[in-house]
Amino acid sequence: MQTSATNTFPCSICGLGMAVEIPAFRAFHRVTSDCRPWPSGGRLGVCNDCGGVQKPADAVFLREIDDIYSTYAIYHQGKGAEQAVFEQGSGLPVSRSSRLMETFRSHWDISKMGRMLDVGCGNGAMLRAFGHVAPAWTLAGTELNDKYRREVEAIPQTEPLHVCPVDRILGTFNVITMVHVLEHIIHPVEFLASLLPKLSHGGVVLIEVPHYLENPFELLIADHRSHFTAATLSLALQKAGYEVVIVATDWIAKELSVIARVAPDDRNAASEPTVAAAGKSVQREIEGTLDWLNLAVEAARDLSRGTRIGLFGTSIAGTWLCSEIADGVGFFVDEDSNRIGATHMNRPVLSPQQLPPNTTVFVGLPPAIAAGVCQRLGTQDVKYCPPPA
Ligand SMILES: [Zn+2]
């Protein structure tokens with residue numbers, strides 16, 4: 001039997017409170033951040049002080065992320081092409097990095113010359129997008145291994161790939177970007193602090209993380225250590241010695257975008273960051289979110305009685321729903337041309353135009369986004385069903 005003490009762990013965001021485990025989470029199947037099914041049994045907690053949602057970095061978590069990263073396949077459903085984000089109105093796809101750069105430059109004046117670093121650059125999607133907007137800049141990327149060295153170094157103006165901690169790279173940078181990296185970091189505040197000496201005078205960090213408040217499926221990602229909100233990400237940055245310039249929820253759907261710079265020297269103890277004790281209310285919110293995820297599975301399972309349904313999307317939600325419903329799922333539906341024609345979890349990935357008549361497709365997306373998809377794609381022959389609101 002476990003005592004209550006084993007069900008709390010120190011908060012990695014505020015460093016003051018204790019995260020209290022939400023027991024229901026252990027029963028959920030999980031998904032890796034590269035969209036592979038992962039078994040249930042994970043732990044999720046909410047800090048009783050700052051409300052930070054997080055996984056404990058215990059021995060099991062560390063072993064699991066080791067397993068996940070040793071076989072990591074970036075964007076494997078799209079054969080290496082970056083995931084598209086879809087314009088809400090038109091449904092047209094654009095790459096996430098291009099969208100991010102367009103918005104970044106409307107908020108921060110990119111000078112003619114400079115040097116930028118992309119931490120966790122993967123196969124170079126962000127470096128490519130940055131170079132497109134700032135062709136005279138010197139670009140640099142870091143990664144944990146050499147896997148994409150050739151692809152990264154083929155990008156114009158790019159330094160040899162840095163396979164080392166950021167503090168070992170010589171010189172400083174005008175912009176440091178981290179796109180879907182911080183949520184993986186074991187000690188996010190210490191990591192952010194370690195980047196400060198690498199920023200040039202006037203330099204900024206641009207951080208992109210998933211936003212679970214808009215995308216509850218994100219909580220199911222086994223290798224995400226932190227699940228940030230605007231408040232807890234701002235807190236982590238302030239704790240690390242930054243001043244937040246802008247934190248936005250509307251640059252990219254379901255993501256948080258932040259620009260931050262070195263906090264001014266005159267910051268004193270009186271301005272030490274605090275957040276209103278949010279722990280209890282966030283714990284209740286997370287329990288409600290897990291209940292909603294269970295309702296979504298039930299809704300999809302009901303639709304699959306007597307017929308094999310399709311799942312819309314081959315990312316986190318689609319992968320997770322397929323693990324939960326298993327035999328009731330016959331195929332996936334995706335609008336991303338890089339994914340159509342492939343298989344995912346041994347099922348074909350079809351375009352909306354390829355669906356036979358009398359099919360049902362469950363749209364495992366947050367209700368507001370799902371409603372738009374159902375309205376846009378539903379026909380007399382093909383029924384698209386959203387999750388419960
Ligand atoms: Zn905390």
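This report walks through the domains, the sheet, the helices and the cores of the structure above.

The model is a predicted one, in which local features need pLDDT of at least 70 and side-chain atom pairs count only at pLDDT 80 or more, while totals for chains, interfaces and linings use all residues. Residues are numbered from 1 along each chain as its sequence is written, and side-chain values use heavy atoms, with hydrogens and water left out.

Let us start with the overall layout. The protein chain is divided into domain 1 (76-265) and domain 2 (304-385), with bounds that come from an automatic or database domain assignment. Taken over C-alpha atoms, the centres of the two domains are separated by 30 Å.

Six strands form an open sheet with mixed pairing, in the order 10-9-11-12-15-14. Strands (E, at least two residues) and helices (H or I, at least four) are DSSP runs, numbered from the N terminus, and two strands pair if DSSP finds at least two bridges between them. Strand 10 (138-142) and strand 14 (242-248) are the edge strands, each pairing on one side only. On average, and with direction ignored, neighbouring strands of this sheet are turned by 20° against each other; the axes are lines fitted to C-alpha atoms, for helices over the stretch in contact, and angles run from 0 to 180 degrees between N-to-C directions.

| Strands | Sense | Bridges | Residues standing opposite |
|---|---|---|---|
| Strand 9 and strand 10 | parallel | 5 bridges | D118 and G141 |
| Strand 9 and strand 11 | parallel | 3 bridges | L117 and I176 |
| Strand 12 and strand 15 | antiparallel | 7 bridges | E208 and S257 |

Strand 10 is largely enclosed by the rest of the structure, because 4 of its 5 residues are buried.

Helix 5 lies across strand 9, strand 11, strand 12 and strand 14, and runs at about 155° to strand 11. Helix 6 packs on the sheet by touching strand 12, strand 14 and strand 15, and its direction makes about 160° with that of strand 14. In helix 6, the buried residues include T232, L233, L235, L237 and A240. The buried residues of this helix pack against helix 5, strand 12, strand 13 (226-227), strand 14 and strand 15. Just after helix 6, G241 takes a positive phi of about 105°.

The largest nonpolar core has 35 residues, and L182, L192, I207 and Y242 have the most contacts inside it. A nonpolar core is a set of buried Ala, Val, Leu, Ile, Met, Phe, Trp, Tyr and Cys residues joined through side-chain atoms within 4.5 Å. Helix 6 supplies the largest share of this core, 5 residues. Leaving aside neighbours within four places in sequence, I207 is in contact (heavy atoms within 4.5 Å) with M178, L182, L192, L237, L256, S257 and V258. Apart from this core lies another, of 34 residues, among them I221, V282, L311 and I316.

Finally, consider a loop residue. V163 sits in the loop between helix 4 (149-153) and strand 11, and counts as partly exposed because its relative accessibility is 36%. Its C-alpha atom is separated by 5.9 Å from that of N145, 18 residues apart along the chain. Beyond its neighbours within four places in sequence, V163 is in contact with E143, L144, N145, D146 and R149.

How values were computed
Buried means under 20% relative accessible area, exposed over 50%, partly exposed in between (1.4 Å probe, protein chains only).
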